[in-house]
Amino acid sequence: PTIFKNAGYYCSFADPVYAGYSWTPDVSVLTKQGIESKLLTGRYSKKWIDENKTMLAQNNPEILDNASATWTEKKIKSNFLHFSLFRQIPAVCRPVFYYDGYWMDIEQYKSKDNKTALETCIDAYSTLSYLPDLCTYDSEESGLVMFTNDLTHNAYKVYPPNFKLGESRNTSIETDYDFPYRSSEEAIFSINVCTLEVLCNWWEKMKAEGVYDNTKIIIVADHGFDIETKSFTSIFPELDDARAYAFYNPLLLVKDFNATGEVKTSYEFMTNADVPTIAVSHLPEDLQKNPFTGKVLNSEQKKDGITIIGSHKHSISEHGKYKFNYTEDEIFHVKNNIFVKENWSGSKPIPEHY
């Protein structure tokens, strides 16, 4: 965002993960730099539920019983009680009750206040569904809009008979898609299809407003998922091995300015760390630099492959303040075509479900 702000762009970053190295993002690290940043996930859940009561009553009536207040409102009310108790106990005992953003039970906090899978699904889905209305299309200045959304992290079966998101769909996993996974993993496939479908609604709005062509769009995942896919089972006969390697195959979609035609698949060796280079590629060369180090952004470091740390310690609480905790047997390498077994070396990845 700082690069684009220095280039004269309006910049906005919603729900920046780990901003301020905090589980609950500290957006002040961005707003102090003149970059607009807000936490949107869950903000529109109540509105979406109110507008979809008929559909929910038919498919998931239990969600209506818990929708008297937004999740944020519930959390605030809960914290009123926490804070009252916090003020009553001796100062020396307070770090036990509250420390570094956590109220007493750190596991409860990690589980997002014990929300159900459906609740966290709606938190993420509602934000995406309102993107056509949250954005304006008549700005005279160039803009960078970034946001994080965890809808695909919610492997909830979003198609009938379990649950419908948005309008009633006639989509059939069996007939409309070349389903590449085992039936037990249909939920993961479904939530990814659902995410792309709701984003398509936003892109159609952009086209109608005449701003799709002059917009660069990048979608990137932080990781893949340890599921059985044909791409990896064909080169790693052991199922657990195939699942483990699939975790390191995240999605990367790019639409450049004025791009047209059918969607194409490239087998060029890419990583999610290529995104900054892709994002700034149209800027003048003197602006394609890290503003804090002065180093030019490029992808030269991957020419001989990359080193991956296969740690499954996802929470920042499991790592040190200045470095990550990992062991030598969690290090492995990959280069060139990731669907060639010989291009992987070093330690064997450990499946996520272990």
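Predicted model: local features only at pLDDT ≥ 70, side-chain atom pairs only at ≥ 80, totals over all residues.
**Charged pairs and a surface patch**

User: How accessible is Glu209, as a relative value?

Analyst: Glu209 counts as partly exposed.

User: Which residue forms a salt bridge with Glu209?

Analyst: Side chains of opposite charge can pair when their charged atoms come close. Here the closest N and O atoms of the pair are 3.3 Å apart.

User: Where do Asp50 and Lys46 both lie?

Analyst: These two residues form a salt bridge, and their closest N and O atoms are 3.0 Å apart. Asp50 is partly exposed at 36% relative accessible area, and Lys46 is partly exposed at 23%. They sit 4 residues apart, about one turn of the helix. Both lie in helix H3.

User: How far apart in sequence are the parts tied together by Lys348 and Asp241?

Analyst: The side chains of Lys348 and Asp241 meet in a salt bridge, 3.4 Å from N to O. Lys348 lies in the segment after strand S9, while Asp241 belongs to helix H14, so the pair ties together parts whose separation in sequence is 107 residues.

User: Is Asp241 buried or exposed?

Analyst: The relative accessible area of Asp241 is 15%. Because the cut-off for this class is under 20%, Asp241 is buried.

User: How much accessible area does the nonpolar patch on the surface have?

Analyst: The patch is formed by Tyr21, Ile309, Phe324 and Tyr326. One of them, Tyr326, is in the loop between strand S7 and strand S8, and it counts as partly exposed at 44% relative accessibility. Together, the four patch residues have about 410 Å².

User: What share of the residues in the protein chain counts as buried?

Analyst: The protein chain has 354 residues, with 15 helices and 9 strands. Its accessible surface comes to about 21,500 Å², and 52% of that belongs to carbon and sulfur atoms. The share of residues that count as buried is 36%.

Methods
Residues numbered from 1 in each chain as written. Heavy atoms only, no water. Patch = residues over 30% accessible without salt bridge, like charges linked within 9 Å, V, L, I, M, F, W, Y side chains within 5 Å. Areas by Shrake-Rupley, 256 points an atom, 1.4 Å probe, with all protein chains shown as cover. Helix = DSSP H or I, 4+ residues; strand = E, 2+ residues; numbered from the N terminus. Buried < 20%, exposed > 50% of the residue type's maximum accessible area, 1.4 Å probe, protein only.
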